[in-house]
Amino acid sequence: TLRDIPSTGSSRKRAATGDPAAAAAAPAAKASELGAPFERTILQAAELETIVALAVKEKRLVLDLETTSLDPYEANLVAAVFVFPGRRSYYVRLATWERNEARRFVEALKAVLEDETILKIGHNLKFERSILSRQGIALRGLSWDTLLAACIRDADRPSFKLEKLLLDTFGVEKKTYKQLQGKAASIYDIPEAELAEYTFEDGEYTWRLWEEQQKALTERDHDV
């Protein structure tokens, strides 16, 4: 069964994260492109006010949700990651076999997620919007979707999956969800440390991709 990542003295655990080894080994990966590492924080569901305070202050965030299914009409919330300016990422586990705190998530973050002045960035935000809609949240303030931006840059790409975009842009080989799940019967059976790492990477690489896309599209517009 899944357990929360152990806490030593506090319910938060921080770690500066370097770039994956795959990025260092791949010819296309450049430190200047990947940028500085992220400071990671693991929150308990009871600490979601930290996210609220940061969102209100920074007015911009990356949002990524992990769920029990890729079908937004069947999926239930399992975990979430938020990434803020200053390369600070926050992970929160919302459900295991033993507990479900999705309602606490909704109650704490509904106002922030519906606030149009707090800009949201993501990869395929249509999925997040559908998931949250079933929870009674109307996701607003959609600012940048890295999937749609990739479409604008090259509509003929064979794939717009995050993993493929990262490989082509940075030379980074990110684990796919299928690889993460392995032989696990359910997302609840994936070891907590592995799920947290995967979720952190989803949010952090979306942030990196957003930065790269902004720069590339701005330069393209200037060249027209």
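Which residue forms a salt bridge with Glu192? Arg93 does, with the closest N and O atoms 2.1 Å apart. A salt bridge here is a side-chain nitrogen of Lys or Arg within 4 Å of a carboxyl oxygen of Asp or Glu. Glu192 lies in helix α9 and Arg93 in strand β5 (residues 88–93), so the pair ties together parts 99 residues apart in sequence.

This is a predicted model: local features need pLDDT of at least 70, side-chain atom pairs count only at pLDDT 80 or more, and totals for chains, interfaces and linings use all residues. Residues are numbered from 1 along each chain as its sequence is written, and side-chain values use heavy atoms, with hydrogens and water left out. pLDDT is the predictor's confidence in each residue, from 0 to 100. The protein chain averages 86. Over residues 1–32, pLDDT stays under 50.

The whole structure holds 12 salt bridges.

Salt bridges link Arg40, Glu197 and Glu204 in a network.

Burial is scored by relative accessible area: buried is under 20%, exposed over 50%, partly exposed in between (1.4 Å probe, protein chains only). Glu192 is buried at 8%, and Arg93 is buried at 3%. Arg40 is buried at 9%, whereas Glu197 is partly exposed at 34%.

Conventions. Contact = heavy atoms within 4.5 Å. Helix = DSSP H or I, 4+ residues; strand = E, 2+ residues; numbered from the N terminus.
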